[in-house]
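Please examine the sequence and the three-dimensional structure shown below. The report that follows is intended for a reader new to them.

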Amino acid sequence: MAFFLTCFLLSCVGHVWAHQHAEASVYLENITRILDRLLEGYDNRLRPGFGGPVTEVKTDIFVTSFGPVSDVEMEYTMDVFFRQTWVDERLKFDGPIEILRLNNLMVSKIWTPDTFFRNGKRSISHNMTTPNKLFRIMQNGTILYTMRLTINAECPMRLINFPMDGHSCPLKFGSYAYPISEIVYTWKKGPLFSVEVPQESSSLLQYDLIGQTVSSERLKSNTGEYVVMTVHFHLQRKMGFFLIQTYIPCIMTVILAQVSFWINKESVPARTVFASPGRGGHVEEADELGGSHGGARAAALQPADVRLPAAGLGHARQQRTGGHQHHRQVLPHPLPALLRRLQPRLLDRLSHQGHHGVQGRCVSG
């Protein structure tokens with residue numbers, strides 16, 4: 001009895017599976033037949049409604065990443081999903097499915113708008129691991145075409161109020177070849193919701209993205225009149241960034257340089273130490289311009305009868321005084337690296353002051 005029951009269940013399962021397989025096979029054959037019929041006699045060189053009504057292309061943009069913004073190059077970069085929707089009555093179909101969800105291979109077989117970015121410098125269409133394109137056909141012939149792009153565009157800047165300035169970076173796009181008499185662009189979701197920028201997508205180092213506005217205009221040229229769609233991204237510079245990176249370090253450097261004026265003028269080593277932060281650039285310049293002459297001039301300042309105030313910290317000195325005779329022994333020691341890199345004029349001045357100081361002590365002794 002159990003054997004017959006098992007056989008009966010297996011036969012039922014096999015019948016159901018065969019029926020489903022047959023239905024799936026018929027379904028796939030129907031979809032393939034629909035696609036073949038859509039492309040039969042289709043000419044992708046002609047726009048929808050060629051010679052008749054104007055083709056309307058509805059667009060919207062979703063920004064996945066905004067930035068960086070370059071003040072030097074006056075440009076900005078962003079990653080977007082660029083969506084275009086239009087109606088091609090040649091692609092109407094009737095079938096068991098309302099939307100045909102197809103891959104990028106179908107894109108090359110039908111007509112698509114020749115949209116380009118007017119102020120773009122470099123734009124990249126992502127192709128890893130396959131071309132990042134979404135393509136769908138509805139039963140009424142409506143087509144949705146989405147691409148993932150990285151756009152590098154110009155951003156004119158007026159830096160008069162730097163660093164308390166703000167900028168409006170535009171993104172302009174439209175048809176390259178079709179004038180307004182053949183193709184018009186519109187915002188799919190209206191002027192308020194056609195461009196979406198999530199808050200987490202606009203984390204910039206120097207700027208805050210405070211909003212965006214959209215508009216459209218007409219541009220006349222020698223080849224006709226065209227529709228230009230424009231998005232303005234409004235940026236405001238972060239003042240705190242420059243306070244920390246520029247203003248506070250400069251203020252502290254000026255304060256440190258002023259401290260040296262309160263030190264006794266005879267304490268030359270101490271004043272040299274305080275003045276060295278502001279003199280770094282001149283020291284390197286002296287090293288480049290002086291070359292071997294600077295080293296020879298520094299070596300000439302090593303005799304024992306010359307007192308070098310700036311090098312006083314680097315010399316060990318023993319002095320014996322008896323009556324009118326002085327015996328001074330200076331231990332050989334290389335000059336500090338800072339002294340060897342000072343400008344020749346500064347070394348001459350220090351040498352002259354040091355020599356007079358030695359004679360003054362000899363006379364007083």
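The sections below treat a disulfide, a set of aromatic rings and one threonine in turn.

The structure is a predicted model.

## The disulfide

A disulfide is a covalent bond between the sulfur atoms of two cysteines. One disulfide is found when the whole structure is searched. The partners are Cys 155 and Cys 169, whose sulfur atoms lie 2.0 Å apart. Because the torsion about their S-S bond is about -70°, this disulfide is left-handed. The pair links distant parts of the chain, 14 residues apart: Cys 155 belongs to the loop between E7 and strand E8 (166-175), while Cys 169 is in strand E8 itself.

Cys 155 has a relative accessibility of 1% and therefore counts as buried. Cys 169 also counts as buried, since its relative accessibility is 0%. Cys 250, with a relative accessible area of 46%, is partly exposed.

## Aromatic pairs

A pair of aromatic rings is described by the distance of the centres and the angle of the planes. The count of aromatic pairs comes to 16. One of these joins Phe 66 and Tyr 76: the ring centres are 5.5 Å apart and the planes stand at 25°, so the pair is stacked. Phe 66 lies in strand E1 (residues 55-70) and Tyr 76 in strand E2 (residues 75-87), so this pair ties together parts that are ten residues apart in sequence. Both Phe 66 and Tyr 76 are buried.

The rings of Phe 173 and Tyr 185 are arranged edge-to-face, because their planes stand at 85°, with the centres 6.4 Å apart. Since Phe 173 lies in strand E8 and Tyr 185 in strand E9 (residues 183-187), the pair ties together parts that are twelve residues apart in sequence. Phe 173 and Tyr 185 are buried. They also belong to one aromatic cluster, formed with Phe 82, Phe 117 and Trp 187.

Is Thr 146 buried or exposed? Thr 146 counts as buried because its relative accessibility is 10%, and the cut-off for buried is under 20% relative accessible area. This residue is found in strand E7, which comprises residues 142-154.

Leaving aside residues up to four places away in sequence, Thr 146 touches Phe 81, Phe 82, Arg 83, Asn 132, Lys 133 and Leu 134. Among these contacts, Phe 82 is also a member of the aromatic cluster that includes Phe 173 and Tyr 185.

Technical notes:
Residues are numbered from 1 along each chain as its sequence is written. This is a predicted model: local features need pLDDT of at least 70, side-chain atom pairs count only at pLDDT 80 or more; totals for chains, interfaces and linings use all residues. Side-chain values use heavy atoms; hydrogens and water are left out. Helices (H or I, at least four residues) and strands (E, at least two) are DSSP runs, numbered from the N terminus. Buried means under 20% relative accessible area, exposed over 50%, partly exposed in between (1.4 Å probe, protein chains only). Contact means heavy atoms within 4.5 Å. A disulfide is a pair of cysteine sulfur atoms within 2.5 Å. Rings of Phe, Tyr and Trp (its six-membered ring) pair if their centres lie within 6.5 Å; planes under 30 degrees apart count as stacked, over 60 as edge-to-face and the rest as tilted.
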